[in-house]
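Work through the following exercises with the sequence and the coordinates at hand. Each task is followed by a solution in steps.

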Amino acid sequence: MNPVGMNPVGMNAVRPARPVTAATDVLDPALLARVRDRLAIAGGEPDVARVAAALRHELGGWAGDADLLAVLRRVQSELAGAGPLEPLLRDDRVTDILVNAPDEVWVDRGAGLVRAGVGFGDEAALRLLATRLASAAGRRLDDAQPWVDARLADGTRLHAVLPPIAPRGTCLSLRVLRPTAYSLAELADRGALPPDGVRLIAALVAARLAFLVTGGTGTGKTTLLAALLGLVDPGERIVLVEDAGELRPVHPHVVRLEARPPNVEGAGAVSMRDLVRQALRMRPDRLVIGEVRGAEVADLLAALNTGHEGGCGTVHANGAGELPARLEALGAMAGMGRHAVHSQVAAGVHVVVHLIRGADGVRRVAEVRVLESAADGLVTAVPAVHVHPDRLVAGAGEPRLRALMVEHGVDPSYVAVRPGLG
């Protein structure tokens, strides 16, 4: 017989180590492996109920409810979430998560990159997360295919690179898509543009001018474009074409089309150019390209030159003045010659809205330019309005900008001071 109080499995039984503690939040790798194996044998999705049952079986009676809940949360994030990065993804302020090494995680909460207080146990744990996220997106990530660029189910954009391409170890980048859509007034409150800038941008939309939003990575191009689409007349039909579904305009009539990458066999791809062609057959009042970055520019320019007014999109460019050259390079991908691109741009695109991100981390509109043809037929982006935090300053192209608005039946009510007068 066992003495009273004796462990029923014997006096020499060893109590298992606590798998996780609130102080360290360190998960026992052996426990995680056993739970993973048990779930694989049982089959099905690793939902909360299945993970909890597997945990109870592995922990036996040693864990109380509080301990079990702590382990459950961590195991669930390791098996079906983003592991140590899960708390960052739940933070509504986070826009980017960058992992350079197991102990080097950076995060951007809208004011620049800072070190995050999380990390991975080792390189193997980081690599496992990267490959699992890639697999969840239907993509391959291994020694034969050591990089991946994909979109997760919640819209988060995933990029990962494995050694030996990344000599220091696995690198993981997550661009977080937030469902929150900001109005133009809310962006102004955040310092994106002054009150007269709001009236200027709103007039561009009301006049149904074709425009492109330019800027570098992380300057807020998609956020601004979504806010502008929220100003479109409710009676108009907006057709969005995107590589990844990021635009969330507040508008009652939006149709979304999203490109699809090839599967692991290299088949089934649907390109942006395919989608632009389909969108033109869907009676769009506003054709919107989330990001123009390839041969689809040919179809967009053709659409803007065949009666589709008010079309818009975003383009990566370091400066508004570089847009014509950027479009020229994109047009070459579609087999368009230089003069063909410039003639299409001159006839179909009116305005460029350029964004920057200041040293303080604030994303703001820096300038508005109009596109005009020179004597040689090439397009140049002429400064129309320079946007300062407290005022607008007119440039050489400002009379042309006003004339475009008047031609399209909109009275420009913004105020732009002349240099030296304000």
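**Exercise 1. Describe how strand 12 is paired and how far it is covered.**

Solution. Start with the antiparallel neighbour: seven bridges connect strand 12 with strand 13 (residues 363–373). Strands here are DSSP runs of E with at least two residues, helices are runs of H or I with at least four residues, and both are numbered from the N terminus. Two strands pair if DSSP finds at least two bridges between them.

Then turn to the parallel neighbour, strand 7, which is joined to strand 12 by four bridges. Leu 212 stands opposite Val 352 of strand 12.

Last, check burial: of the seven residues in strand 12 (351–357), five are buried, that is, under 20% relative accessible area, with exposed meaning over 50% and partly exposed in between (1.4 Å probe, protein chains only).

The model is predicted: local features need pLDDT of at least 70, side-chain atom pairs count only at pLDDT 80 or more, and totals for chains, interfaces and linings use all residues. Residues are numbered from 1 along each chain as its sequence is written, and side-chain values use heavy atoms, leaving out hydrogens and water.

**Exercise 2. Locate the largest nonpolar core and the contacts of Leu 401.**

Solution. A nonpolar core is a set of buried Ala, Val, Leu, Ile, Met, Phe, Trp, Tyr and Cys residues joined through side-chain atoms within 4.5 Å. The largest has 43 residues, and Leu 224, Leu 229, Val 385, Leu 401 and Met 405 have the most contacts inside it. Helix 8 (residues 221–229) gives the largest share of this core, six residues.

Now list partners of Leu 401, leaving out residues up to four places away in sequence: among them are Leu 200, Val 351, Val 368 and Tyr 414. Contact means heavy atoms within 4.5 Å.

A second, separate core of 33 residues includes Val 255, Val 276, Val 315 and Val 352.

**Exercise 3. Which backbone values stand out at Arg 208, Arg 283 and Pro 164?**

Solution. Most residues other than glycine have a negative phi, and most peptide bonds are trans. Arg 208, in the loop between helix 7 (195–206) and strand 7 (211–215), has a positive phi of about 60°. Arg 283 has a positive phi near 50° and is exposed, with a relative accessible area of 57%. The peptide bond from Pro 163 to Pro 164 is cis, with omega near 5°.
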